[in-house]
Amino acid sequence: MYTKTELTDFGLITMTSDGEAITNLTWVTEKTTPDHPDAILNQAFAEIKEYAAGSRKEFSVPVSLKDCSPSLKRWLEVLRSVPYGKTVSYAELAKMANQPKAPRTAGSACSRNPVPIIYPCHRVT
């Protein structure tokens, strides 16, 4: 397991990697452990900087959702399809997932997103 904490335009973030993909992104109030980064984490932080600067619209860093349920994975893939610069409601996200009666489930999926920013739950209101 690799970790890195960095101050970004979005706040202080700690990310973890399994050596092949990002597994978690969390906001923290302080750095509590020493960094043990890998190339994936360095790429992810570089892409976040580009995203904050407006020069990146999509992330290419690999992400692992292996610890997510199949249902959450499906919701996160729909979430990832919300275009840059656009916002949608939970009800609209549910419609995008072909589950128009499930806006609460859409909201729950956003709250369980292990890689916010990369999978853009900030685009759902």
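A: For charges, Lys and Arg count as positive and Asp and Glu as negative, with His and the chain ends left out; each charge is placed at NZ of Lys, CZ of Arg, CG of Asp or CD of Glu. This is a predicted model, in which local features need pLDDT of at least 70 and side-chain atom pairs pLDDT 80 or more, while totals for chains, interfaces and linings use all residues. Residues are numbered from 1 along each chain as its sequence is written, and side-chain values use heavy atoms, without hydrogens or water.

On that count the chain carries 15 positive and 13 negative side chains, and the centres of the two sets are 10 Å apart. Its 4 helices and 3 strands (DSSP runs of H or I, at least four residues, and of E, at least two, numbered from the N terminus) come in the order β-β-β-α-α-α-α. The C-alpha trace spans about 45 × 30 × 25 Å along its principal axes. Of the 125 residues, 45% are buried, meaning under 20% relative accessible area with a 1.4 Å probe and protein chains only (exposed is over 50%, partly exposed in between).

Now to our residue, Asn-113, found in the segment after helix 4 (103-111). Asn-113 counts as buried because its relative accessibility is 8%. Beyond neighbours within four places in sequence, Asn-113 is in contact with Leu-76, Leu-79, Tyr-119 and Cys-121, contact being heavy atoms within 4.5 Å. For the chain, 54% of contacts between residues at least 6 apart in sequence join residues at least 24 apart.
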